[in-house]
Amino acid sequence: MNTPSPPTPSTAPLYQRLASHYRGAIHAGSLVPGDRMPSLRGLMRQHDISLSTAMQLSRHLESEGWLEARPRSGYFVRRPLRSTLAAVTEPRMDRAPDPAQYVGIHARVSDFVSRGRLHMVKTNLAVARCSPALYPGEALKQAAMRVLRKKPDILVSATSPRGNAEFRAVLAKRAMALGMTLSPDDVQITNGCMEALNLALRAATQPGDTIAVESPSFYGLLQVLEALGLRALEIPTSPHTGISIDALELAIQTDDSIKAVVVVPHLQNPLGSIMPDAHKQRLVQLCQASAITLIEDDTYSELVNESKRGDVPLRAMKSWDTTGNVIYCASLHKILAPGMRLGWMAAGRWQARVEMLKFTQTRSNEELSQLAAADFIASPAYDRHLHRLRATLQVQRQRTAETIASHFPPGTRLTVPDGGLSLWVELPQQLSSKRVFDAALKEQILVSPGLMFSNSLRFDPFLRISCGWPVDADVEQALRRLGQIVTGLL
């Protein structure tokens, strides 16, 4: 059964508010599958709106799966196919965490990654990144040209160890919307979020320490922990509310070797969960009281749906930090330009150590991309880009979920997150994702098996499916074939 959507904010565009009205009618049963929607002219008369608004309203509901357009007949109510799929199973919270581990993931991930790179791939459903067409390439090129005209010697000049001051000022200003009060001097530019996480872990821990992480967790983080000689302790994590604070608190009480916690509060990778503010605040207070460093990976928050964001932007966990115990890490890699590899961090009480580690590890970043990004982010075009990106990804996630619901066998489970670049799919009958990976690769289809996201085998029956590319004929065919592969293996 579908649960009613949250009310649309009064500040939302008119077509979205009207769409919320009709969704409510469908949930209430006033409109049932098969009913004909009012015509565009009927909508115009009934709501005193323009033709453009009536078309936006109808197309918005169609993109969400609530309406279907029939040639020369208009729009008809339908029930999204994805509603026939049960939600992904919630983790057991009464189970003690597996023992913290040093090794086990790096070789496994390396095997999957190298096989994907060496094998011919026609459709990549594994990469958590957008199609290049969704990024503002031309606008960034023009911004870079303006920078070169203004500073023709920038490519042959020394750069600042912390990062370009203008770029850091732009980032500090944007951080205000997340509840953080930062000066440009609090910001350290990095080579993507992965370097930021490396620096944070090196600053706050020593080899042999235990690091609490979400379970499942992004495989890149697990590789980093192993490379640094750190032990990963996996904490149960809900697809809806994120890491279990109760389970983490119990782990802290029974394991005094935990020195840091790493979490993705918004659109956790791979689950897509979003932590409620009360959970975030409680986690900050728990780590502070326990003298455990909290490392926040906020790579995805700008990809949260408009309807979920509401009138009040999502708050970073660091906004509750009063002692400098939270190290905030973020990136523009997913939301603006993968080719720039621009990340940044605000390390709180670890700032001086992070700056020195950055200097010894990779020195400073080149400044052309920083200034081009600063030019674009400071303009109104950046928020317009984010608005379009969120809307496009919402449609792509929904269509991907619809296609999976249509072609995967009964027993498949799927939770559609409120944003992000991927779906976390639970396979029927505990089917091994490794078997699916092997069979799909022979068909030139690449997926991310659940085995990559944990040191244990607990998530073997899961796949992470990318939604960053439009669901064109090739992607639809690949998903259909993937469903056939799963059915055949059962």
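## Salt bridges

K434 has a relative accessible area of 36%, so it counts as partly exposed. In this predicted model, K434 forms a salt bridge with D438, and the closest N and O atoms of the pair are 3.1 Å apart. K434 and D438 are about one helical turn from each other, because they are four residues apart in helix 15 (residues 433-442). Elsewhere, R174, E302, E306, D383 and R390 belong to one network, joined by salt bridges that share partners.

Within that network, R390 pairs with E306 at 2.9 Å between the closest N and O atoms. Are R390 and E306 buried or partly exposed? R390 has a relative accessible area of 7%, which is under the 20% cut-off, and it is therefore buried. E306 is at 25% relative accessibility and therefore counts as partly exposed.

A search of the whole structure gives 21 salt bridges. One of these is a contact between the side chains of R162 and D185, with an N to O distance of 3.0 Å. The pair links distant parts of the chain, 23 residues apart: R162 is in the loop between helix 5 (137-150) and helix 6 (165-175), and D185 is in the loop between helix 6 and strand 4 (188-191). R162 is partly exposed at 29% relative accessibility, and D185 is partly exposed at 44%.

## Cavities

How many cavities of 30 Å³ or more are there? The count is three. The largest cavity holds about 80 Å³ of space. Its lining has 13 residues, and those closest to the centre are L267, Q268, G420, L421 and S422. Sorted by class, the lining of the largest cavity has seven nonpolar residues, six polar residues and no charged ones.

The second largest cavity holds about 70 Å³. It is lined by L197, E214, S217, F218, L221, V262, V264, N269 and D297. This lining divides into five nonpolar, two polar and two charged residues.

## Second largest pocket

The second largest pocket has a volume of about 810 Å³. Its lining is made of 33 residues, and V127, R129, F218, Y219 and R464 lie nearest the centre. Two or more lining residues come from each of helix 4 (106-118), helix 7 (192-204), helix 8 (219-227) and strand 15 (448-449).

Which element gives the most to this lining? Helix 4 does, with four residues. By class, the pocket lining has 17 nonpolar, 10 polar and six charged residues. F218 is among the residues nearest the centre of this pocket, and F218 is also one of the residues that line the second largest cavity.

## Backbone geometry

Most residues other than glycine have a negative phi, and most peptide bonds are trans. The peptide bond between S215 and P216 is cis, with omega of about 5°. P216 is in the loop between strand 5 (210-215) and helix 8. A cis peptide bond also joins N269 and P270, where omega is about 20°. P270 is in the loop between strand 8 (258-263) and helix 10 (277-289), and N269 is one of the residues lining the second largest cavity.

L267 lies in the loop between strand 8 and helix 10. It is not a glycine, but its phi is positive, near 60°. L267 is at 4% relative accessibility and so counts as buried; it is also among the residues closest to the centre of the largest cavity. Q429 has a positive phi as well, near 55°, and is in the loop between strand 13 (422-426) and helix 15. Is Q429 buried or exposed? Q429 is exposed, because its relative accessible area of 65% is over the 50% cut-off.

## Nonpolar surface patch

L148, L155 and V156 make a nonpolar surface patch of about 320 Å². L155 is in the loop between helix 5 and helix 6. With 62% relative accessibility, L155 counts as exposed.

Note on methods:
Residues numbered from 1 in each chain as written. Heavy atoms only, no water. Salt bridge = Lys/Arg side-chain N within 4 Å of Asp/Glu carboxyl O. Buried < 20%, exposed > 50% of the residue type's maximum accessible area, 1.4 Å probe, protein only. 1 Å grid on protein atoms, 1.4 Å probe; cavity = no way out; pocket = protein on both sides within 12 Å on 5 of 7 lines; lining within 4 Å. Points joined across faces, edges and corners; volume = space filled by probe spheres on them. Nonpolar A, V, L, I, M, F, W, Y, C, P; charged D, E, K, R; others polar. Patch = residues over 30% accessible without salt bridge, like charges linked within 9 Å, V, L, I, M, F, W, Y side chains within 5 Å. Areas by Shrake-Rupley, 256 points an atom, 1.4 Å probe, with all protein chains shown as cover.
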